[in-house]
Amino acid sequence: MLNIPTVLPNEIDRSYLGAVMRQNGDNKESAIIAKIALHVGLGDKTRRQLPAIELLGKIAQTDTQTFVRQHSTLPYRRGITSYFADLRHGSEDNRNILRDSGMRVARPGAYCCHACIEHDLATHGRSYWHREHQIPGLLWCPTHGTPLHYMEHERSFLRAPDQLLDECRLVTEPWLKNTIDNQFIKNFLAISFELLNRERPFDVKHISGILKKEALLRGLHSHCGKVKAPLLSDAIIENFGREWLATVMPTLAYKQQGKLLSQMDGVLYLTTSASSSTAYILALSYLFETPEVALIALTRSDESSFKASRARSTHKIDQHDLKSAYLKAHGSYAKTANLLKTTYSAICGRLSSMKLPNLDDDSWQSMQRFAAAYFVEGKSLSDSVSTGGFAIDVLDIFVRVAGTLITDDLLEMKKPKSGRGSGIRRPLKLAPNEVALAKGPMATKFSPNLRREQRLSLLAV
Ligand SMILES: [Zn+2]
């Protein structure tokens, strides 16, 4: 029997996980996750099938979307994206996002406010880590206006912050002086908080258009060709400062003047995400007079995005193309919709009526193993079922899929490539004390593949 604490207002997911661990005397994350799954009657599911954040939502007695929107930084990190841009934050239609990214941090370290800790102890009987304090670039408490404390390792989220105050670093005065009065940084934070409280992302495809329009009015370079006009990235460095940028988007802190940085300048011309939400928020904070004006422009782009997706969803998709996309997407409805550049709701009903179920990764891989054993290796049905390593209900799914599709197609499907991105490492975000230690110009030339310690030592020259 588990003791379940109450999740507190704006408590970040990992803080709540830590509270559950402490109440039950567990110090292993995997062990407590397994116990939570048993507690909610889902002990037979794997972590793939049931992401940890979904389990936390269940014991907090709320639905996954509400828990993700109120207790994770995912709405910030996916606030502006081209990847499943029509998917609501926390939607169970795409558990891969919840599993791989649901509980990620938005910046390195764990940040807290001394005054908030005292208030929480007096009001709730325990201290906790607030979600809003973890937003990149925030160095002071929005409620109390005092500098934040921070621990460098994210594992600290699992402990109560009042127990760590003696070990915490404090954001120092010079930092605050340089940042708290900077209007561009204030704009950045205001837009970030708005994204944190939204139900779904803004679509990059529409935002790059409004950013480009504003950039052209200011005579900035706005395409990927030879640089003949001032760069957005240089304007951002000049107005936000390299030191603060080193904590938010380090590639900017080290960039040479006049050199195009696609991660930042690309927000003006790339129709798929040039970078994380951060680059788009920086551009919006610089190009628009106030956060309010920027948010009005974002909302308008969102409305046109919604109309466009409605138009796409009514477009008739050929049956063969639908089947083919379903196979390429390994049976995932969300991925099928993405391949066909349509919405989940547009294909859901049709696939379902074709008896093609929405599959998770485990079910798909089990089916591949079964098909190879039964059709290629000629094993018996019962041996093939045990080779597949699945329960009889997955065999039922297989029969449905195979009855509709050609088995050879299934066998030809290759596993998705492992790893994400191009393999080129980007410099990590620095904590305030690390930037304070760094001396000399930030625009030093060096490879992003250098380790954090090596980069710091180069900066110190
Ligand atoms: Zn506070």
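Let's start at one residue: Cys113 is buried, with a relative accessible area of 1%. Here buried means under 20% relative accessible area, exposed means over 50%, and partly exposed is what lies in between (1.4 Å probe, protein chains only). A quick word on the ground rules: this is a predicted model, where local features need pLDDT of at least 70, side-chain atom pairs count only at pLDDT 80 or more, and totals for chains, interfaces and linings use all residues. Residues are numbered from 1 along each chain as its sequence is written, and side-chain values use heavy atoms, with hydrogens and water left out.

**The zinc site**

So what coordinates the zinc ion? Cys113 (SG), Cys116 (SG), Cys141 (SG) and His144 (ND1) do, at 2.1 to 2.3 Å. Donors are N, O and S atoms within 2.8 Å of the metal (3.2 Å for Na, K and Ca), and water is not among the atoms, so sites may look incomplete. The angles among the 4 donor atoms run from 106 to 113°, making the site tetrahedral; for four donors, that label asks that all angles lie between 85 and 135 degrees. Along the sequence, the donor residues follow the spacing C-x2-C-x24-C-x2-H. Cys113 sits in the loop between strand S2 (110-112) and helix H7 (114-124), while His144 is 31 residues away, in the loop between H7 and strand S3 (149-151).

**The nonpolar cores**

The largest nonpolar core has 63 residues, and Leu211, Leu232, Trp244, Met264, Leu282 and Leu287 touch the most other members. Such a core is a set of buried Ala, Val, Leu, Ile, Met, Phe, Trp, Tyr and Cys residues joined through side-chain atoms within 4.5 Å. Several helices supply at least two residues each, including H8 (173-180), H10 (204-217) and H16 (291-314), but H15 gives the most, with 8 residues. Domain 2 (110-181) and domain 3 (184-306 + 430-459) both contribute residues, so this core lies between them; the bounds come from an automatic or database domain assignment. Apart from it lies another core of 41 residues, with Ile32, Leu50, Ala60 and Met367 among them.

**The whole chain**

Helices (H or I, at least four residues) and strands (E, at least two) are DSSP runs, numbered from the N terminus.

| Feature | Value |
|---|---|
| Helices in the chain | 25 helices |
| Strands in the chain | 5 strands |
| Buried residues | 50% of 461 residues |

Definitions and conventions:
Tetrahedral: all angles 85-135°; square planar, octahedral: opposite > 155°, others 65-115°.
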